[in-house]
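Work through the exercises below with the sequence and the model open. Try each task before reading its solution.

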Amino acid sequence: MPDETTDATPPFWQTRTLAEMTPEEWESLCDGCGKCCLHKLQYEDTGELYYTNVACRLLDLGNCRCSRYETRQKLVPDCVALRADKVMELNWLPSTCAYRLLANGQPLAWWHPLVSGDPDSVHAAGQSVRGRAIPERKADILDHHIVTWPA
Ligand code: SF4
Ligand code: SF4
């Protein structure tokens with residue numbers, strides 16, 4: 001008789017807090033959207049924060065991943081390394097960011113690669129910067145590149 005039982009073990013992101021995850025689990029949570037690697041502007045007088053469509057010079061605009069991930073903070077000193085205890089303080093993380101969603105008790109989206117099983121689903125769903133961001137060298141004045149879609 002065939003075994004009709006199914007493996008109903010919930011995935012790690014549903015059973016462990018961000019702080020409890022292994023380094024591998026933590027890294028796998030990044031959906032590869034690349035939105036957090038866009039330059040942001042914050043106006044001193046109002047404190048308002050805006051995204052631009054200008055990508056950090058190390059962002060690969062094809063796969064939307066950091067091209068020098070291991071050494072990124074030496075190469076780009078203001079690159080922020082996410083930490084479990086800091087996620088809630090980083091108000092510039094996009095609303096779709098997996099770390100932000102889980103920190104707020106929300107589920108991952110259907111297009112998240114961990115959910116879909118397909119690393120390209122984030123791009124296919126139009127949730128990444130692919131095709132929408134421009135390289136730093138092509139940007140003149142950041143204020144001219146403000147966009148609302150990443151937030
Ligand atoms: S916004 Fe979040 S999920 Fe998207 S690339 Fe950045 S860290 Fe990863
Ligand atoms: S250094 Fe890498 S991880 Fe940091 S902002 Fe630039 S592309 Fe993103």
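The residues around ligand 1 are Cys-30, Asp-31, Cys-33, Gly-34, Cys-36, Leu-82, Pro-94, Cys-97, Ala-98 and Tyr-99. Each has a heavy atom within 4 Å of the ligand. This is a predicted model, in which local features need pLDDT of at least 70 and side-chain atom pairs count only at pLDDT 80 or more, while totals for chains, interfaces and linings use all residues. Residues are numbered from 1 along each chain as written, chains are lettered from A and ligands numbered from 1 in the order written, and side-chain values use heavy atoms, with hydrogens and water left out.

**Exercise 1. The shell of ligand 1**

Sort the residues around ligand 1 by class, and state which pocket the ligand takes.

*Solution.* 
- Step 1: apply the classes. Ala, Val, Leu, Ile, Met, Phe, Trp, Tyr, Cys and Pro count as nonpolar; Asp, Glu, Lys and Arg count as charged; the others, Gly among them, count as polar.
- Step 2: count. The shell of ligand 1 holds 8 nonpolar, 1 polar and 1 charged residues.
- Step 3: Ligand 1 takes up the space of the largest pocket. A pocket is an open set of points on a 1 Å grid over the protein atoms alone, where a 1.4 Å probe fits, with protein on both sides within 12 Å along at least five of seven lines. To sit in a pocket, a molecule needs more than half of its atoms within 2 Å of the grid points.

**Exercise 2. The shell of ligand 2**

List the residues around ligand 2 and give their classes.

*Solution.* 
- Step 1: list. Cys-37, Cys-56, Leu-58, Leu-59, Cys-66, Arg-72, Val-76 and Cys-79 surround ligand 2.
- Step 2: classify. The count is 7 nonpolar, no polar and 1 charged residues. Arg-72 is the charged one.
- Step 3: Ligand 2 sits in the largest pocket.
- Step 4: follow one shell member. Cys-66 lies in the loop between strand S2 (49-55) and helix H3 (72-75). Its relative accessibility is 24%, so Cys-66 counts as partly exposed. The cut-offs are under 20% relative accessible area for buried, over 50% for exposed, and in between for partly exposed (1.4 Å probe, protein chains only).

**Exercise 3. Salt bridges**

How many salt bridges are there, and which side chains form them?

*Solution.* 
- Step 1: Side chains of opposite charge can pair when their charged atoms come close.
- Step 2: set the rule. A side-chain nitrogen of Lys or Arg must lie within 4 Å of a carboxyl oxygen of Asp or Glu.
- Step 3: count. The rule gives 3 salt bridges.
- Step 4: take Glu-25 and Arg-16. Their N to O distance is 2.3 Å. Glu-25 is buried at 13%, whereas Arg-16 is partly exposed at 33%.
- Step 5: take Asp-85 and Arg-83. The closest N and O atoms are 2.9 Å apart. Arg-83 is partly exposed, at 44%.
- Step 6: take Lys-86 and Glu-89. The N to O distance is 3.6 Å. Lys-86 is partly exposed at 30%, and Glu-89 is exposed at 53%.

**Exercise 4. The chain as a whole**

Describe the order of the helices and strands, and the box that the chain fills.

*Solution.* 
- Step 1: count elements. The chain has 6 helices and 4 strands. They are DSSP runs numbered from the N terminus: helices are H or I with at least four residues, strands E with at least two.
- Step 2: read the order. From the N terminus the elements run α-α-β-β-α-α-α-α-β-β.
- Step 3: box the chain. Along the principal axes, the C-alpha atoms fill roughly 70 × 30 × 30 Å.
- Step 4: check burial. Of the 151 residues, 34% count as buried.

**Exercise 5. Loop residues**

Is Ser-128 buried or exposed? Then examine Cys-64, Asn-63 and Trp-110.

*Solution.* 
- Step 1: Ser-128 is buried, at 2% relative accessibility. It lies in the loop between helix H6 (121-124) and strand S3 (134-135). A polar atom of the Ser-128 side chain lies 3.2 Å from the backbone nitrogen of Arg-130.
- Step 2: Cys-64 lies in the loop between S2 and H3. It is not a glycine, yet its phi is positive, about 65°. Cys-64 is buried at 3%.
- Step 3: Asn-63 belongs to the loop between S2 and H3. It is partly exposed, at 37%. Asn-63 and Arg-130 are 67 residues apart along the chain, with 7.4 Å between their C-alpha atoms.
- Step 4: Trp-110 lies in the loop between helix H4 (98-103) and helix H5 (113-116). It is exposed, at 60%. Its C-alpha atom is 31 Å from that of Gln-42, 68 residues away along the chain.

Definitions and conventions: On a 1 Å grid over the protein atoms alone, a cavity is a set of points where a 1.4 Å probe fits but cannot get out, and a pocket is an open set with protein on both sides within 12 Å along at least five of seven lines; lining residues have an atom within 4 Å of a point. A polar contact is a pair of N or O atoms within 3.5 Å; within protein, one must be able to donate a hydrogen and the other to accept it, and residues adjacent in sequence count only if both atoms are side-chain atoms.
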